[in-house]
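Here are my notes on this model, written as numbered points you can follow with the structure open. Have a look at it first, then read on.

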Amino acid sequence: MDTRLLEYFVSVADELNVTRAAARLFAAQSTVSAGLNSLERDLGVKLFARTTKTVSLLPAGENLLEEARQILDAVERLRAHAAESTQGIRGTVRIGTFVAMPTFALPRVLARFRDEYPSVDVRLAASFAGSTGLAEDLLRGRLDVAFLALPAPTELDAWELGRYEFVALVPPQHPLAKRRSISLAELAAERWVDVLPGYGNRVRLERSLVERGIVRKLGTEVAELSSVAPYVAAGFGIAVVPDIIDPDGSVRLPLDDPPEPWVLFLASRRGATRQPHIHALVEHLRSHAEAADFLVPHVAEQSR
C-alpha cells in the first residue's frame, strides 16, 4: 500500500474538505480524490460519504483513522532513525503558540534548540482562537506540538510547564488603586478588559465568575494577553489576568478570592514524541521551563 494514500485519508479526515486537504498536501484536488478512491478499493470499504459540498467520515473511516495515523507516524520514525544514523537528528516540527507570547522567551529558547539541532526545522504557527484553537489543530494533525493554557484533551500527551495566580489590574487613577487587595465581586460593576474568547485565561476566569454568580461588563477585547495592561492603564477598564505580564502602568492588586491558577502546558499529538526530532524539542522546552529561564526578565523577577 502506498503510504501517500494514507496521507490523503488522514488529511481529508482532519479537514473534512478535499480542497483544503489537497492544499495542505500541496497536491491537486483530483489527485487526492483519485487516491481516496484507490484506497477505498484496496481496503474494500467506504471511508467517506462525499457530495459536491460535504465530506463526512463513515463508521469504517472512523475505525481506521487512528490506525492510519499510527502507520504514518511509524513511517516517519523509520525515516527519522535512518537519517539520524548518518546525519544526526533531523526533521520538521510544527509548533503552535498564542498570537503573542511575550511572557516566555520563546525566540531565545528556540534559538538554543536550533544551535543544538541544526537539521531540525521548527515551524511556528499562531492561533487567534487561543488554547481551544491550538488543541483542535493538534487533534486534527495540523501541529505536532503546542502550548496550551487549558488542560489538554485526553487524546493528547501533555506536560505542565508552570502555574501562576490571577491578579487584578486597575487604572492608576482609579479609586480601587489604593486598595491593598480586592475581591472579584467588588470588580463586577466595573468595565472589564480581556483577551478574545477561547484563550485559556479567559475560559478559566469566566468559569470562576459563573461559579460565583458574578456577571461582568466586558468593554474591551484585545488579541493578546500582553495588550491587556496598557488598555487598563489608559482607563479602558479593569482586568483579572495571570500574574505573568508586566503591569505596564496599571496597578496590580492581589485577589482575595482568585480563580484557580493559570497553568501553561506543552502538548503533543499522542505518541508523537516517539519521533526523535519531536522528542528532542519537547525535552528542550521542558528542561528550560524547569530551569526557570523560560521567562522574560520582568516575569522572572516577579516569580522570585
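1. Let's begin with Glu 206, which is partly exposed at a relative accessible area of 30%; here buried means under 20% relative accessible area, exposed over 50%, and partly exposed in between (1.4 Å probe, protein chains only). Its side chain meets that of Arg 216 in a salt bridge, 3.0 Å from N to O. Glu 206 sits in helix H8 (residues 200-212) and Arg 216 in the loop between H8 and strand S9 (217-222), so the pair ties together parts that are 10 residues apart in sequence. Arg 216 itself is buried, with a relative accessible area of 14%.

2. Some ground rules. This is a predicted model, in which local features need pLDDT of at least 70 and side-chain atom pairs count only at pLDDT 80 or more, while totals for chains, interfaces and linings use all residues. Residues are numbered from 1 along each chain as its sequence is written, and side-chain values use heavy atoms, with hydrogens and water left out. Helices (H or I, at least four residues) and strands (E, at least two) are DSSP runs, numbered from the N terminus.

3. How many salt bridges are there by this rule? The count comes to 25, taking a salt bridge as a side-chain nitrogen of Lys or Arg within 4 Å of a carboxyl oxygen of Asp or Glu. Side chains of opposite charge can pair when their charged atoms come close. One network of salt bridges links Asp 14, Glu 15, Arg 20, Arg 24, Arg 69, Asp 137 and Arg 142.

4. Two more pairs to click on. Arg 4 and Glu 7 form a salt bridge through their side chains, at 2.6 Å from N to O. Both lie in helix H1 (residues 3-15), three residues apart, about one turn of the helix. An α-helix has 3.6 residues a turn, so residues three or four places apart point the same way. Arg 4 counts as partly exposed at 28% relative accessibility, and Glu 7 counts as partly exposed at 22%. The other pair is Arg 123 with Asp 121, where the closest N and O atoms of the salt bridge are 2.8 Å apart; Asp 121 is partly exposed, with a relative accessible area of 32%.

5. Now the five-stranded sheet. This open sheet runs in the order S4-S3-S5-S12-S6, with mixed pairing; two strands pair if DSSP finds at least two bridges between them. S4 and S6 stand at the edges with a single partner strand each, so one side of each is left without a neighbour in the sheet. From one strand to the next, the twist averages 20°. S6 and S12 are antiparallel and share eight bridges, and Tyr 164 stands opposite Trp 262 in S12.

6. Which helix lies across S3, S4, S5, S6 and S12? That is helix H10 (residues 276-290), running at about 40° to S3; axes are lines fitted to C-alpha atoms, for helices over the stretch in contact, and angles run from 0 to 180 degrees between N-to-C directions. Contact means heavy atoms within 4.5 Å.

7. Helix H6 (residues 130-139) is mostly covered, with seven of its 10 residues buried. Among them are Gly 130, Leu 134 and Asp 137. The cover over the buried residues of H6 includes strand S3 (91-98), strand S4 (120-127), strand S5 (145-148), strand S6 (156-164), H8 and strand S12 (262-269). After H6 comes Gly 141, with a positive phi near 80°.

8. There is also an open sheet of three strands, in the order S10-S7-S11, with antiparallel pairing. Its edge strands are S10 (239-242) and S11 (251-254), each pairing on one side only. The twist averages 40° from one strand to the next. Strand S7 (residues 166-170) pairs with S11 over four bridges, and Ala 168 has Leu 253 as its bridge partner in S11.
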